[in-house]
Amino acid sequence: MIRVRFAPSPTGHLHIGGARTALFNYLYARHNNGRFILRIEDTDRTRSTEEYIDTIIEGMKWLKLDWDEGPFRQTDRFDVYRDYTERLIREGKAYRCYCSPEELEQRRKEAITQGQPQKYDGRCRNVEKGQSIKVSEDQSKNAAVRFKMPQEGQTVVDDLMRGKVVFENNQLDDLIIMRSDGTPTYNFTVVVDDVDMKITHVIRGDDHLNNTPKQIHIYKALGYDIPLFAHLPMILGADKTRLSKRHGATSVMVYKEMGYLPDALVNYLVRLGWSYGDQEVFTREELIKYFSFENVGKSSAVFNPEKLLWLNSQYMINTSSEDLTKMVMPFLIQEKIINEEQPLDKVWLSKAIATLKERAKTLVELAKTLRYYIVEDIEYNEKAKAKFLNEKSRDLLIELKDALTSLPDFSVSEMEKIFKSMIEKHNIKLGNLAQPVRVAITGGTESPGIFEVLDIVGREKTLKRLDRAIRVIQNQ
RNA sequence: GUCCCUAUCGUCUAGUCCGGCCCAGGACAUCGCCCUUUCAAGGCGGUAACGCGGGUUCGAAUCCCGCUGGGGACGCCA
């Protein structure tokens, strides 16, 4: 049974990079009928917050990356880490370190200026029995615990993505596994938890590749089997540096707020690194069916918001108008086009959406363009008004209004007949009539086909708006 | 500074393992044309890439070496 996990730290929102790591874990688990586990790595108590835990979970749910076990929290497991730490000390595989963070920082700075490797110098490594260093009670109580890394030989990480990666052990640092306040640190908890949770494949970002040899030695010291590793390439911003807030929206929930569909984001994210021939658009089932590390690239990818926007527009087109009706509601409220209690005919709304979904790239755009269908009075775009609501169009609008008023059946085909006869009579192009009408009805020059628009807006509002446009022209 | 990863159009990528089908294919963006009552959507077409230098070979985007570029790591962060 394959078991994978996504292990974010709640020191920020679920961001684009994390979401993709989660997605690849999810797809690998589902593809192999394995288990997908969510674990919150909140050992850094100064930076982790409950709020971030909630938003990460919210983000996972929004993207429909459902997990099978968890969310587990490392803060619930401190006793476990403490036991393991004590065991390692007892066995001589870890030791107490009395150096203060300030001292270490000082030494690190010196090492950098002197061009020396920035590595713990190991001064507490062999003094555990206390002969050569005098330690006050206070110091003893506040000691951190370091893990003894081997200093000779090599460590090989056999990575599913990158093959065998060789590290020289003399590069390895005696890392701290327990802080002086008694809380454990990442490189230690990650190993303990992956063992306890029987993780078979550790799939994570490239930035962890360098930690892997250290973790391998912890596995060995604990006497456990080493899982398989797959280190994914990172996502970069347009300037090719690590994706960060400088590059715009990085939190997945911001994409929700901007009116993106979760499936579109997932589709975009999976194609950042993974490919399946020339296919661009995938259903969730296809992703699960086709996913494999063989088709994941090795180099980092630049996040391209424009392609995401395009994909979203494709998903808008391919989503049923009924589903879009449900999805757009919060945005209609947000845009103050409707209020929460306002009743709205869902069938009618869905018909309106059908005319707009191939024109709107996001749900926000969809909501905004829906405005002239829903609200009572429209606002004119000044340029459009100046160009089309003038003396030239006044008589046409009056004539059309009269014709539509007496029209027995206010249908697309009947309206079409009226427009046709009018343009023949006046020897004008359809656009000469349609554009002024469009401005009168929608306020602007861009909309779906004019007959569809009139049909959805309905006779009552249509006549009212034509009337208003005529008055506006007369008052000029 | 040390270590690790990586390198095909502006961007995401196919092709690389098993050299010839590739004077490099698709997608986004961009430009042009078509469709057209506007805007979209759609259709057609254009511009645009194998980082550089050495090898190996009849032949290299593909194999080997070097260089250069890019990224990451070096925390009592994860």
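Of the atoms of RNA strand B within 4 Å of the protein, what share belongs to sugar or phosphate, and what share to bases? In this predicted model, sugar or phosphate accounts for 70% of those atoms, and bases make up the rest.

The protein surface around the RNA comes next. RNA strand B is surrounded by 65 residues, and the closest of them are Thr-43, Arg-179, Glu-358, Arg-359 and Arg-438. Sorted by type, the residues of this surface come out as 21 nonpolar, 23 polar and 21 charged.

On the base side, the side chain of Asn-210 places an N or O atom 3.1 Å from a base nitrogen. Arg-438, already listed among the closest residues, has a side-chain N or O atom 2.3 Å from a base oxygen. Several elements give two or more residues to the surface near the RNA, including helix 4 (101-113), strand 7 (163-168), helix 6 (186-196) and strand 12 (301-302). Helix 11 (305-318), helix 18 (430-442) and helix 19 (450-457) also belong to that set.

Ala-440 counts as buried because its relative accessibility is 0%, below the 20% cut-off. Beyond its neighbours within four places in sequence, Ala-440 is in contact with Ile-378, Tyr-380, Leu-389, Arg-465, Leu-466 and Ala-469. The C-alpha atom of Ala-440 is also 8.8 Å from that of Asp-467, a residue 27 places away along the chain.

Now for some backbone details. The peptide bond running from Gly-70 to Pro-71 is cis, its omega being near 5°, and Pro-71 itself is part of strand 3 (residues 69-73). Positive phi values turn up at two residues that are not glycine: Asn-33, where phi is near 55°, and Lys-198, where phi is about 55°. Asn-33 is in the loop between helix 1 (16-31) and strand 2 (35-40), while Lys-198 occupies the loop between helix 6 and strand 9 (201-205).

How values were computed. Residues numbered from 1 in each chain as written. Chains lettered and ligands numbered in written order. Predicted model: local features only at pLDDT ≥ 70, side-chain atom pairs only at ≥ 80, totals over all residues. Heavy atoms only, no water. Near = heavy atom within 4 Å. Polar contact = N/O pair within 3.5 Å; in protein donor to acceptor, adjacent residues only side chain to side chain. Helix = DSSP H or I, 4+ residues; strand = E, 2+ residues; numbered from the N terminus. Nonpolar A, V, L, I, M, F, W, Y, C, P; charged D, E, K, R; others polar. Buried < 20%, exposed > 50% of the residue type's maximum accessible area, 1.4 Å probe, protein only. Contact = heavy atoms within 4.5 Å.
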